[in-house]
Amino acid sequence: MNPLEEMRAAFNDLLKANPGLEERLQKMPLRVFSGRNHPSAGAQAVFLCYRLPGPDANGNWSLEAGSTKWFLYDLSRQSIEAEPQRIDQIIRSTPETPRRLVLPRETLAEIRQCLEIGWTGLGYKTVSFEEAWKNYTGLPHAHFVNSATAGLHLAVRLLKEARNWQDGDEIITTPLTFVSTNHVILYERMRPVFADVDEYLCLDPASVESRIGTRTRAVIFVGMGGNAGRLADIVDLCRRHGLALILDAAHMAGTRVNGHHVGTESDVAVFSFQAVKNLPTADSGMVCFQDADLDQAVRKWTWLGIDKDTFSRTHSKGSYKWHYDVVHDGFKYHGNSIMAAMGLVSLRYLEQDNAYRRQIAAWYDERLSEEERVSRVPVAPGCLSSRHLYQVLVDNRDEVILALNESKIYPGVHYRDNTLYRMYRYARGTCPNAMSAGGRIISLPVHLRLSYADVQRVCDAFLEIVRRRRTFAGGNDHAESDGPAH
Ligand SMILES: Cc1ncc(COP(=O)(O)O)c(C=O)c1O
C-alpha cells in the first residue's frame, strides 16, 4: 500500500470504530480532514468528504437520495493552491445545495419531543436554547424572547431604569434599518436622533459624534446584513462619552470580529430569529445583557413581572407551587419551546449555513466586480459576516427590481431611509448618505437553496438589465425611458 492508500484505509477504520461518525459527516456538505496526523502521510494529504444530493424515485433532488463522495488529495503532487479551485469545481457542479433538505425531519423530531413530554411553553427547550446560544457565542447571558423587537424594547427599558434616564432623553440611531430599531426608543418615551451611515451601511462614528448632545444617553448600532462596520470605533466613542451601547444584532447570528462572536462589546446585544433571518425559527429572538442583574431582571419583564416561571414551579418540589409574587408590571414577551426547538436545530447548522452564504456572496462578487455601475457593499476588515444579506447599489434601483421580477427574481430592499416615513420626518434630510443609499440599495437573493447555477442566472439577468440601461439611456443616470436615447 502506498501512503495514500494507507491513509484511506486508516480513515475507513476510523469510520468503523466510531459508530455514528459517518452519519454526522453526511450531514456536512463539505469537510476537509487533514492527513497530518497519520504517520505514513506526514502533511501530504487531505481528505475531502462531500455529500452530493441525488434524484429520488419522483425525480426530486434530495440529500437522502444522494451519495457521499470521499476525495483524497495528495498535496505532495498537487500544489496546495490548487485545492480550493478543485473544491470549488465540485461545489459548482452540484445541482442543488443539500443543507436545508435534512432540516424538516430534524426539526420535526425536536418539536415532537415537546409534544410528547407535553411542554410547549416557556421553560424546557427555551432553557436548552439559551444554554446552547451562550455556548456558541461565548456571551455571558442570554434570554430567549418572542422577537428581537421585544428584546430591543426591553434593552432600552431596563437600561433606562438602571441608569435613570428621563423621558425625552435621546438615543442616537440609524435611519437605515427596520423600523423596530427606532420604534423601541419611542416605546420608552425617548427621542431617536438619527446619525448617518458609512460605506458599510452601518452608523458612521464621525456622524454619531456630531449628534451627541447633553441629553444623549445611548447609541443603537445595527450590524447591517451581518456586517460589523466600524463597531469598534463606536464602542470607543461610547466609552469616551459615557454612553450605553445597544447592538441591534438582528442580522448578526454567527458574525465574528477578529475571531470573537459579536455581542460582548455592547451593554446588550439583541438577535433576531424571525422566519427569514439566517438563524430562522418562525418568530423569536435573544436578548443578551452583559450585566447579570439586568439578565435576571429581564426574565421578569418578559413574563408580566412574575418572579417564577411556570416550568420551574411545575418541576419544583413541595407545596405552594402556585405561589408566586408579582414584583412589577411587565410584558408577555418570553419565547416558547416550539420556537426554541426550531432554533436549536437551526443553530446546529448555523456555521455551515453562514459559510454557504459567504460562498454565495463570493460568487456574486466574482461576477459583479466586472461591472463598474454596480457598487458592492464591502465587508469591514476583520469581520466574518453572517452574510444575512448581499447588498449592492445601483442607480435606477426600482426599475431594476421590476425588471428582475419579470425574470422571476425577487430581490429585497434593506432599507428605505426611515426619515422618509411620516413619523420620523422631523429628521428628513439630516442623513444624506442614508437617503442616497436607501434609494439605490438592492439585496440580491441569498438563501440555502440557491445553487451556483441560480447565482449565475441572477447575475446574468441583473447585469443584462444594468447594461441594457446604460446602452439605452446613453449614460444618463436619470433617464426613465426604456427605449434608445436620442
Ligand atoms: C435590523 C433589524 N432590527 C430588528 C428587527 C426586528 O426583529 P424581529 O422581527 O425578530 O422583531 C429586524 C427584523 O427584521 C431587523 O432587520
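Reply: The axes of helix 6 (residues 148-163) and helix 7 (residues 180-187) come within 9 Å of each other and cross at roughly 40°. Axes here are lines fitted to C-alpha atoms, for helices over the stretch in contact, with angles running from 0 to 180 degrees between N-to-C directions. Helices are DSSP runs of H or I with at least four residues, strands are E runs of at least two, and both are numbered from the N terminus. This is a predicted model, so local features need pLDDT of at least 70 and side-chain atom pairs count only at pLDDT 80 or more, while totals for chains, interfaces and linings use all residues. Residue numbers start from 1 along each chain as its sequence is written.

Helix 6 and helix 7 are therefore oblique to each other; under 35 degrees counts as roughly parallel, over 145 as roughly antiparallel, 65 to 115 as roughly perpendicular, and the rest as oblique. Helix 6 passes helix 7 in a right-handed crossing, meaning that the near helix is turned clockwise from the far one by less than a right angle, with anticlockwise being left-handed. On the helix 6 side the contact uses Ala148, Thr149, Leu152, His153 and Val156, and helix 7 brings Ser180, Thr181, Val184, Ile185 and Tyr187. Contact means C-beta atoms, placed from the backbone, within 7 Å. By class that contact has six nonpolar, four polar and no charged residues; Ala, Val, Leu, Ile, Met, Phe, Trp, Tyr, Cys and Pro count as nonpolar, Asp, Glu, Lys and Arg as charged, and the others, Gly among them, as polar.

Now the ligand. Helix 6 and helix 7 each supply at least two residues of its shell. That shell holds 14 residues, the closest being Ser147, Ala148, Thr149, Ala250 and Ser272, where near means a C-beta atom, placed from the backbone, within 6 Å. Its classes are four nonpolar, nine polar and one charged.

Leu103, Glu106, Thr107, Glu110, Ile111 and Cys114 of helix 4 meet Ser337, Ile338, Ala341, Met342, Leu344 and Val345 of helix 12, giving eight nonpolar, two polar and two charged residues. As for helix 4 itself (residues 103-117), its 15 residues should span 21 Å at 1.5 Å a residue, and the end C-alpha atoms are 22 Å apart, which agrees; the expected span is 1.5 Å times one less than the number of residues. Just after helix 4, Gly118 has a positive phi of about 80°.

Helix 12 also meets helix 5 (residues 125-137): their axes come within 8 Å and cross at roughly 30°, so helix 5 and helix 12 are roughly parallel. This crossing is left-handed.

Most residues other than glycine have a negative phi, and most peptide bonds are trans. Asn258, not a glycine, has a positive phi of about 45°, and sits in the loop between strand 9 (256-257) and strand 10 (260-261). The His414 to Tyr415 peptide bond is cis, with omega near 10°, and Tyr415 lies in the loop between helix 13 (397-406) and helix 14 (432-438).

Conventions
Two residues are in contact if their C-beta atoms, placed from the backbone, lie within 7 Å.
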